Amino acid sequence: DVTIRSAVFGSGLKVADVTPRVIHLLHNEPAGFFARRDWLHVDPRPYKNKVLLINYEYKGKPYTLLVTDQKVNYELLEEYAKL
């Protein structure tokens, strides 16, 4: 029921498109992954705090999730959509 539309990781104007990586991780890491450079394989702002912004659809409705160094999985995306 979840479709990832886009995902970016970084801060300010320095962000990286991590859409393919987020989709891969969601499919291959059922327990989830952390919104960190080691999981996302990119660091657009070394030594700075970064966020992961995911635009997705759940049951055909659009949602946006913003997390910092937090575990992300399909359950989180579904729970957030139900709030």
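Which residues are exposed on the other side of helix 1? They are Pro20 and His27, where exposed means over 50% relative accessible area, buried under 20% and partly exposed in between, with a 1.4 Å probe and protein chains only. This is a predicted model, in which local features need pLDDT of at least 70 and side-chain atom pairs count only at pLDDT 80 or more, while totals for chains, interfaces and linings use all residues. Residues are numbered from 1 along each chain as its sequence is written, and side-chain values use heavy atoms, with hydrogens and water left out. Helices (H or I, at least four residues) and strands (E, at least two) are DSSP runs, numbered from the N terminus.

**Helix 1 and its buried side**

- Helix 1 spans residues 19-28, and its buried residues are Thr19, Val22, Leu25 and Leu26.
- Looking down the axis of helix 1, the buried residues fall within an arc of 130°, so they line one face of the helix; the arc is that of the directions from the helix axis to the C-beta atoms.
- Leu25, in helix 1, counts as buried because its relative accessibility is 2%.
- Setting aside neighbours within four places in sequence, Leu25 is in contact (heavy atoms within 4.5 Å) with Phe33, Trp39 and Leu40.
- Leu25 and Trp39 are 14 residues apart along the chain, and their C-alpha atoms are separated by 8.4 Å.

**Helix 3 and what covers it**

- Helix 3 takes in residues 74-82, with Leu76, Leu77 and Ala81 buried.
- Those three cover an arc of only 130° around the axis, which puts them on the same side of helix 3.

**Strand 1 and its partners**

- Strand 1 (residues 2-11) pairs with strand 4 (residues 51-58) in the antiparallel sense over 8 bridges; two strands pair if DSSP finds at least two bridges between them.
- In that pairing, Val2 stands opposite Tyr58 in strand 4.
- Strand 1 also pairs with strand 2 (residues 14-17), in the antiparallel sense and over 4 bridges, and here Phe9 stands opposite Ala16.
- Strands 1 and 2 form a hairpin with 2 residues between them, and Gly12 in the turn has a positive phi of about 60°.
- Ser11, also in strand 1, is buried because its relative accessible area is 17%.
- Apart from neighbours within four places in sequence, Ser11 is in contact with Arg45, Asn49 and Lys50.

- Most residues other than glycine have a negative phi, and most peptide bonds are trans.
- His41 lies in the loop between helix 2 (37-40) and strand 4, and its phi is near 60°, a positive value in a residue other than glycine.
- His41 is exposed, with a relative accessible area of 58%.
- Tyr47 lies in the loop between helix 2 and strand 4 and has a positive phi of about 65° although it is not a glycine.
- Tyr47 is exposed as well, at a relative accessible area of 84%.

- The largest pocket has a volume of about 200 Å³; a pocket is an open set of points on a 1 Å grid over the protein atoms alone where a 1.4 Å probe fits, with protein on both sides within 12 Å along at least five of seven lines.
- Grid points are joined across faces, edges and corners, and the volume is the space filled by probe spheres set on the points.
- By class, the lining has 4 nonpolar, 2 polar and 6 charged residues; Ala, Val, Leu, Ile, Met, Phe, Trp, Tyr, Cys and Pro count as nonpolar, Asp, Glu, Lys and Arg as charged, and the others, Gly among them, as polar.
- Thr68 lies in the loop between strand 5 (61-67) and strand 6 (71-72), and counts as partly exposed at 46% relative accessibility.
- Not counting residues up to four places away in sequence, Thr68 touches Lys50 and Val51.
- Thr68 and Val51 are 17 residues apart in sequence, yet 4.7 Å apart in space, C-alpha to C-alpha.

Key:
On a 1 Å grid over the protein atoms alone, a cavity is a set of points where a 1.4 Å probe fits but cannot get out, and a pocket is an open set with protein on both sides within 12 Å along at least five of seven lines; lining residues have an atom within 4 Å of a point.
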